[in-house]
Amino acid sequence: MKMKKFINAPETITDEELTGLGLAYPDILDVDGHLVISRDLAHADRVTIVTYGGSGHEPAQAGFVGRGMLDVQAVGDIFAAPNGQLVFDAMKLADKGHGVLLLTLNYAGDQLAGKQAMKLAQKAGLNVRQVVTGEEIQYDPNGEDNKRGLAGAVALYHIAAAAAREGRSLDEVAEIAQRYAASMASVTVKSTDATHPQNGMSFGDLGETDLMEIGAGQHGEGGGVRVPMMSAKETVAAVAGALCKNLNLSAGDKAFAMINGCGATTMMEMLVLFKDTVEYLKAMDVEVVASMVGEILTVQEAGGFQMNIAKWDEEFLRLWNTPCHTPAYSKE
């Protein structure tokens, strides 16, 4: 069947969506080619936060550029990391004399681009630190431990940015970001496949079955366990149980919980999943003190969700409860 997407030309999708983003949110951000720049950066006198990644995962990551979150994002083509030069350009633009924190999701292309950008930054004498997020746990004990970076990075953006806005040094902001990265865990549950918006290619054959895959890769990569579709409560028990074990959560702990829709999952489903997650944690005497529910990092129209849980302390909670204003997430 012919792909049904409201586009003009496959080769211009990323350019056109970025133009649209700039037109839609001119009070929050500017778009310069493939750089998305927070308007807050113009008067920033602090450590600044930069990230990068391919398009096709909207609203991440450009949707989280703005006051109290990301200062600049370098945008690659669909499901492809931008080149190292563009990432370096983003860091150079972001530098306000207090240093730049580069946040990288753990994928091969992103790691390569980050390595290249860090070399260029060091050669140029920029004061930069890099933190890599790879919170995906190994759900299948017989599978690969991929440690892919997932939607949990979005909460880290705000935690790190809040620390920077307090006037912390680059080393201090990087330490908080690294500590947060180590405190979280995620799993993806996939129910149907996405299609590539440029060529209509399907990401796998899951949509042709009555199965779901726990521990699936976002882009159709393997690494998961295929099981018959389960209810929300049964799925949450399987996934949350694995995450809590990984984090060593126990009675009396505080937690952040996220349900991220992968693109085709309805808000109705996400809220049911979140309710069951809170109830699961409550039964363990773990208190959910903050949360995010919705489409945060998608893969076009893939069915399924990501669950992210982080073990929180009072510092994380205090930093989280600060204002931010971005296209995809705001709180005052």
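Strand S7 (residues 184-192) is largely enclosed by the rest of the structure, because seven of its nine residues are buried, where buried means under 20% relative accessible area, exposed over 50%, and partly exposed in between (1.4 Å probe, protein chains only). Strands (E, at least two residues) and helices (H or I, at least four) are DSSP runs, numbered from the N terminus. The model is a predicted one, in which local features need pLDDT of at least 70 and side-chain atom pairs count only at pLDDT 80 or more, while totals for chains, interfaces and linings use all residues. Residues are numbered from 1 along each chain as its sequence is written, and side-chain values use heavy atoms, with hydrogens and water left out.

S7 has two partners to meet. With strand S12 (residues 303-312), S7 pairs in the antiparallel sense over eight bridges; two strands are taken to pair if DSSP finds at least two bridges between them. Thr188 stands opposite Gln306 in S12, and Val189 stands opposite Phe305 in S12. With strand S8 (residues 211-214), S7 also pairs in the antiparallel sense, over two bridges. There the bridge partner of Val189 is Ile214 in S8, while Phe305 faces Val189 from S12.

These strands belong to an open sheet of six, in the order S9-S8-S7-S12-S10-S11, with mixed pairing. Strand S9 (225-228) and strand S11 (287-294) form the edges; each has a single partner strand, so one side of each is left without a neighbour in the sheet. On average, neighbouring strands of this sheet are turned by 20° against each other, direction ignored. Axes here are lines fitted to C-alpha atoms, for helices over the stretch in contact, and angles run from 0 to 180 degrees between N-to-C directions.

Helices lie across this sheet. Helix H4 lies across S7, strand S10 (254-261), S11 and S12, and runs at about 140° to S7. Helix H7 lies across S10, S11 and S12, running at about 165° to S11. Contact means heavy atoms within 4.5 Å.

H4 (residues 152-165) also packs against helix H5 (residues 170-182), at an angle of about 155° and with the axes 9 Å apart. The two helices are therefore roughly antiparallel; angles under 35 degrees count as roughly parallel, over 145 as roughly antiparallel, 65 to 115 as roughly perpendicular and the rest as oblique. Ala, Val, Leu, Ile, Met, Phe, Trp, Tyr, Cys and Pro count as nonpolar, Asp, Glu, Lys and Arg as charged, and the others, Gly among them, as polar.

The crossing of H6 and H7 is right-handed. The contact involves Lys233, Val236 and Cys244, among others, in H6, and residues including Leu273, Lys275, Asp276 and Glu279 in H7. Its residues divide into nine nonpolar, two polar and four charged.

Technical notes:
Left-handed = near helix turned anticlockwise from the far one by under 90°.
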